[in-house]
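Welcome, and please open your viewer. We will take this one selection at a time.

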Amino acid sequence: MAPNGTCPECGTSSRQRHGWRRRRIEDFPAQGQAVWIELRVCRWRCLNSDCRRRTFSDREGAVATPYARRTSRQAQLLGHMAHAAGGTPAERLLRRLGIRVSDDTILRQLLRAAQVVPPRARIIGIDDWSWRKSQNYGTIIIDLERRAVIDVLEDRDVVTCTDWLRRHPEVEVISRDRCGLYAQAARQGAPQAEQVADRFHIVQNLRMAIEEQMNLHGRATGRALLSDADNISTAQNLLKSRLAHRKSREEIFKTISVLRQQGLTCSEIGRRTGFPRRSVAKWLQFETPPDRKRAVLKRSSAWYFEEYLKQRWENGIRSGNALLPLIQERGYEGSLSNLQRLLAGWRRAEKEKQEGPIKEDQVLAPVRDPETGHAISPVIAAALCIKPRGRFTLEQARKVEVLKEGSPAFTTMRRLAMRFNGILRGRKADPLPAWIDDAIETDLAPIVRFARTLNRDIDAVRNAIEMEWSNGQAEGQINRLKTLKRAMYGRAGPNLLRARMLPLHHTN
């Protein structure tokens with residue numbers, strides 16, 4: 001028993017006892033049975049007249065914190081279980097061990113343990129993650145040197161990220177994807193930091209540009225169900241089906257009926273004509289073409305105000321932003337994009353009158369594998385275009401040779417892709433400006449766009465080539481975050497997600 005006590009408020013030592021009280025604290029169970037520690041705590045009088053406290057109790061810091069109902073080691077166990085398993089799973093496991101505690105108590109213990117300020121970080125990775133795909137997004141920040149999560153932000157706003165970076169002036173390097181939002185936040189919140197574009201996203205953007213260019217050869221329809229001649233005619237009919245609404249409905253109905261009389265199924269008729277199978281089956285239920293039912297125009301449609309818009313159009317008001325408030329005063333409930341679609345059709349009609357018919361994009365013949373007769377899809381062609389020759393299988397090497405023979409654009413993009421891979425692996429950014437100039441001179445629209453976006457973000461791309469840092473760790477932590485979020489169902493709020501994502505500070 002201590003002969004004196006020390007006031008926790010002012011630090012004054014006292015030998016005057018005020019009284020005694022009993023404190024009951026739960027400890028680790030024994031053989032599945034609860035164990036309670038009974039403490040006889042002395043209460044002292046504070047001798048400092050200026051202190052706010054008149055009495056105080058002894059502190060059992062080695063056993064339990066003040067006002068705690070559990071020992072420190074049991075509270076630490078609850079925090080470890082909550083960090084690893086969550087609330088309800090940890091409750092079930094602890095009950096089997098003999099500790100009866102609710103899931104809410106376990107999560108509260110975890111949230112208290114997560115209030116520790118993480119250490120300062122010099123090199124960070126920043127990326128977004130989805131609360132709900134295509135709707136709400138959050139932000140995760142990683143310490144790339146310690147390979148640990150620093151913070152989890154609730155939204156993906158420039159202001160939020162900028163404020164966070166301003167509170168951490170020690171940041172020297174920021175690794176990010178190609179998103180302009182984080183680039184702007186880094187410029188405003190951490191102008192002293194070097195920005196590094198993620199190499200994986202750079203290569204992915206190049207692959208998507210190649211795929212877009214190869215789409216001009218048409219998309220593969222999967223397994224070749226028809227002969228080569230039928231496949232060619234089917235591809236032509238698919239293109240014609242885009243203009244089917246301009247044809248006579250009687251002609252379309254007659255064609256479908258003739259094919260049906262030949263004994264063809266609805267699926268086969270659909271493949272030959274380009275119409276959906278369900279539409280073909282619906283038309284075959286009638287003896288004459290069914291009447292087309294037009295939807296009643298509502299105030300959410302720009303066509304509802306067509307006459308008024310034509311008057312304004314003829315008066316010289318051609319901008320959608322200028323016409324939008326005019327029709328909103330008359331009750332328009334739609335969006336600006338719906339109005340822009342209507343005006344775009346009028347602009348195309350005027351341009352055709354002045355310059356003649358607009359030429360459509362030329363769709364080239366699909367490149368086919370001579371061994372199977374199947375068309376090589378743009379996705380496979382793009383993947384093969386950026387793959388080094390030394391990693392090809394025999395089948396892949398054959399497809400690349402066929403693509404080079406059937407598509408001059410593929411040959412050009414293959415040469416550029418191999419040069420770009422060499423720049424990335426060589427860790428020297430000096431050849432990058434020359435590569436960008438050569439890509440712009442190819443006149444391949446997707447490749448030109450890709451090269452121009454690289455040029456706008458040239459400093460971050462140079463750092464990506466020359467520095468070792470990337471956003472791979474952030475992608476891995478996002479996978480872990482999504483797993484935790486889904487495992488906790490609807491209870492995974494921002495504070496709880498942050499507590500489970502931050503590294504647990506273990507004690508000896």
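**Stop one: an aspartate and its surroundings**

Select Asp177: beyond its neighbours within four places in sequence, Asp177 is in contact (heavy atoms within 4.5 Å) with Ile126, Asp127, Asp128, Tyr182, Asp198, His201 and Asn471. This is a predicted model, in which local features need pLDDT of at least 70 and side-chain atom pairs count only at pLDDT 80 or more, while totals for chains, interfaces and linings use all residues. Residues are numbered from 1 along each chain as its sequence is written, and side-chain values use heavy atoms, with hydrogens and water left out.

Helices (H or I, at least four residues) and strands (E, at least two) are DSSP runs, numbered from the N terminus.

Is Asp177 buried or exposed? Asp177 is buried, meaning under 20% relative accessible area (1.4 Å probe, protein chains only). Asp177 has no salt bridge, which would take a side-chain nitrogen of Lys or Arg within 4 Å of a carboxyl oxygen of Asp or Glu. The nearest side chain of opposite charge (Lys and Arg count as positive, Asp and Glu as negative; His and the chain ends are not counted) is Arg176, 5.7 Å away.

**Stop two: helix 21**

Next, select residues 494-501, which form helix 21. Leu496, Leu497, Ala499, Arg500 and Met501 are buried there. Colour what covers these buried residues, including helix 1, helix 3 and helix 20 (472-487).

**Last stop: the whole chain**

Zoom out to see 21 helices and ten strands in the protein chain. Of its 508 residues, 39% count as buried.

Terms used:
Buried < 20%, exposed > 50% of the residue type's maximum accessible area, 1.4 Å probe, protein only.
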